[in-house]
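Reader: I would like to go through this structure label by label. Please set each value against its cut-off.

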Amino acid sequence: MENNKMNRREAIRALMLAGAGLAAGSSLAAAPLRAAGVLPQNWKFTEPAKGDQVIHRTWKSLGGESISLLGMGCMRFPRKPGGGRRAPLDQEAINMMIDYALEHGINYFDTAPAYGDSERATGEALSRHDRKSYLIATKMSNFSNAELGACKDMFANSLKNLRTNYVDYFLLHSIGSVEDFNKRFKDNGLLPWLQDLRKKGTIRHLGFSFHGSNAALKELLAMPYNWEFVQIQLNYVDWKDMPLEDSDEACDAETLYKMLEAKGIPVVVMEPIRGGALANVPAALKDKLAQRFPTLSPAGVALTFASTPKAVMCTLSGMSNMQQLMENVYTFSHFKPCTEADNEYLMEMARLYNANPHIPCTACRYCMPCPRGVDIPGVFAVYNGASDELMLPDPNNKKDKDFKEKKKSFLKRYATLASGTDASACVMCNACLPKCPQRIRIPDQMRMIHKLVKDLG
């Protein structure tokens with residue numbers, strides 16, 4: 001690292017070989033890695049020591065298998081610089097990340113045909129190691145073609161891409177309802193074929209990932225299949241209530257988890273950080289989390305909550321850079337389960353999070369000018385400002401002890417918008433929609449904000 005001169009290949013290799021060689025918080029040591037694009041500019045966290053190992057849990061129902069509580073989700077692998085989302089995956093960086101993960105005890109790697117080039121990149125990186133040192137989880141992503149022949153081809157292609165002759169954990173991908181299950185896995189004769197592969201050892205363990213209601217999971221579990229594990233969405237915001245898209249059916253992570261626990265089925269957790277949202281909570285909420293969990297980042301808090309229940313076999317994290325991987329290794333090698341009091345505290349944080357939603361506007365102003373003169377970024381800034389300070393008033397919860405203060409503060413902020421530029425001026429012409437790079441449903445949000453102001457009236 002002399003004179004801070006290092007190319008990207010050397011930087012990645014140095015990071016891997018150094019292990020604990022970079023002093024936490026040392027800008028001198030980290031500078032070349034930042035310059036090489038290996039670590040983000042805001043690299044601040046406690047680095048794992050070279051000997052740190054993430055904790056494992058052993059599962060009798062899975063033949064005594066020891067599985068790392070932290071699993072590597074392989075959907076968000078790093079891409080080569082400069083090409084954005086369309087850039088090819090950065091195989092060298094992926095190899096180094098997987099090497100580091102294995103070195104620190106992570107042995108569960110989750111991918112799918114639906115994740116673009118992930119299976120091939122995962123297979124290339126893992127095949128450089130002893131096959132018995134890692135567990136591969138992949139899926140039957142037969143969304144567009146559920147014909148038996150096409151499904152068989154998909155499985156064969158998965159084995160080819162993963163450079164293996166067997167899959168440790170195989171999932172029926174993203175079941176949303178019983179009807180969906182029947183169409184994609186039962187009526188086409190696929191399940192008997194998969195069960196035969198399990199008998200032969202080509203599939204070692206068979207399960208499914210689930211994105212449906214409480215009632216749908218109950219019905220699936222009542223079917224005469226030997227489900228060895230199930231993957232569900234679980235985080236502290238969705239624990240008590242998990243709204244389903246385009247459905248009013250009841251769903252919450254607590255009920256889903258308890259149904260599986262009662263049947264002795266190990267649980268794989270997906271979306272423990274809710275797609276990254278719980279790593280980037282409002283500043284006021286971040287401060288509240290830090291008061292209770294001073295040694296954990298918001299992401300670390302979310303991962304700890306999701307991994308505490310005893311029936312959780314593995315918690316997946318879609319790590320896309322070395323910083324995230326190292327931070328998660330530290331969290332899981334110094335893992336302390338949440339106490340009952342911690343869980344109660346996080347339920348209050350979930351209430352505050354849900355009561356203060358954030359509109360993902362970056363104030364790029366691509367949506368401007370509005371034909372009707374609405375100050376779109378300005379309106380969103382007022383709303384998000386109140387949300388970030390946990391000061392959004394809820395007209396349906398006037399019993400909130402802080403309601404009057406929140407109402408007064410919000411309306412005062414809203415009054416700073418110039419006349420004729422607030423949400424009431426929106427006529428939902430939709431001229432802004434194709435211009436927004438964040439794909440925000442701007443007219444719908446304007447209608448929501450205008451209704452909020454009227455209800456506060």
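Author: We start with arginine 128, which is partly exposed at a relative accessible area of 44%. The model is a predicted one.

Reader: Why is arginine 128 called partly exposed?

Author: Buried means under 20% and exposed means over 50%. Arginine 128 has 44%, so the label is partly exposed.

Reader: What makes aspartate 99 buried?

Author: The relative accessible area of aspartate 99 is 18%. The cut-off for buried is under 20%, so aspartate 99 counts as buried.

Reader: Why is the contact of aspartate 99 and arginine 128 called a salt bridge?

Author: The N to O distance between their side chains is 2.7 Å. The rule asks for a nitrogen within 4 Å of a carboxyl oxygen, so the pair qualifies.

Reader: Which parts of the chain does this pair tie together?

Author: Aspartate 99 sits in helix H3, residues 91-103. Arginine 128 sits in the loop between helix H4 (118-126) and strand S5 (135-140). The two parts are 29 residues apart in sequence.

Reader: How many salt bridges does the rule give?

Author: The count is 22. One of them joins lysine 200 and aspartate 196, at 3.2 Å from N to O. That value is within 4 Å, so this pair also meets the rule.

Reader: What separates lysine 200 and aspartate 196 along helix H7?

Author: About one helical turn, because they are four residues apart in H7, residues 190-200. An α-helix has 3.6 residues a turn, so residues three or four places apart point the same way.

Reader: How do you know whether lysine 200 is buried or exposed?

Author: Its relative accessibility is 60%. Exposed means over 50%, so lysine 200 is exposed. Aspartate 196 has 32% and is partly exposed.

Reader: What makes arginine 413 and glutamate 389 a salt bridge?

Author: Their side chains meet at 2.5 Å, N to O. The limit is within 4 Å, so the label holds. Arginine 413 lies in helix H15 (residues 403-414), and glutamate 389 lies in the loop between helix H14 (376-388) and H15. The pair therefore ties together parts that are 24 residues apart in sequence.

Reader: Why does arginine 413 count as partly exposed?

Author: Arginine 413 has 23% relative accessibility. Buried needs under 20% and exposed needs over 50%, so 23% falls in between. Glutamate 389 is partly exposed too, with 45%.

Reader: Which residues do salt bridges with shared partners join into one network?

Author: Glu65, Arg131, Asp168 and Arg204. Arginine 131 also lies over the face of tyrosine 166, at 4.0 Å from the ring centre.

Reader: What does a search for aromatic pairs find in the whole structure?

Author: It finds 15 aromatic pairs. Phenylalanine 155 and phenylalanine 170 form one that is edge-to-face, with 5.2 Å between centres and 80 degrees between planes. Phenylalanine 155 is in helix H5 (residues 148-162) and phenylalanine 170 in strand S6 (residues 167-175), 15 residues apart. Both phenylalanine 155 and phenylalanine 170 are buried.

Reader: Why is the pair of phenylalanine 181 and tyrosine 225 called edge-to-face?

Author: The planes stand at 65 degrees and the centres are 5.9 Å apart, so the pair is edge-to-face. Phenylalanine 181 lies in helix H6 (residues 178-186) and tyrosine 225 in the loop between H8 and S8, so the pair ties together parts 44 residues apart in sequence. Phenylalanine 181 is buried, with 0% relative accessible area.

Reader: Which aromatic cluster includes Phe181 and Tyr225?

Author: The cluster is formed by Phe181, Phe185, Phe208, Phe210, Tyr225 and Trp227.

Reader: What makes strand S8 mostly covered?

Author: Five of its five residues, 229-233, are buried. Phe229, Gln231 and Gln233 point one way, while Val230 and Ile232 point the other way.

Reader: How do you know that S7 and S8 pair?

Author: Strands need at least two bridges to pair, and S7 (residues 203-210) and S8 have three, so they pair. Their sense is parallel. The chain crosses from S7 through helix H8 (residues 214-221) to S8, in a right-handed β-α-β crossover.

Reader: Which residue in S9 is the bridge partner of isoleucine 232?

Author: Valine 269. S8 and S9 (residues 267-270) pair in the parallel sense over four bridges.

Key. Residues numbered from 1 in each chain as written. Predicted model: local features only at pLDDT ≥ 70, side-chain atom pairs only at ≥ 80, totals over all residues. Heavy atoms only, no water. Buried < 20%, exposed > 50% of the residue type's maximum accessible area, 1.4 Å probe, protein only. Right-handed = clockwise from strand over helix to strand, strands pointing away. Phe/Tyr/Trp six-rings, centres within 6.5 Å; stacked < 30°, edge-to-face > 60°. Lys NZ or Arg CZ within 6 Å of the ring centre and 35° of its normal.
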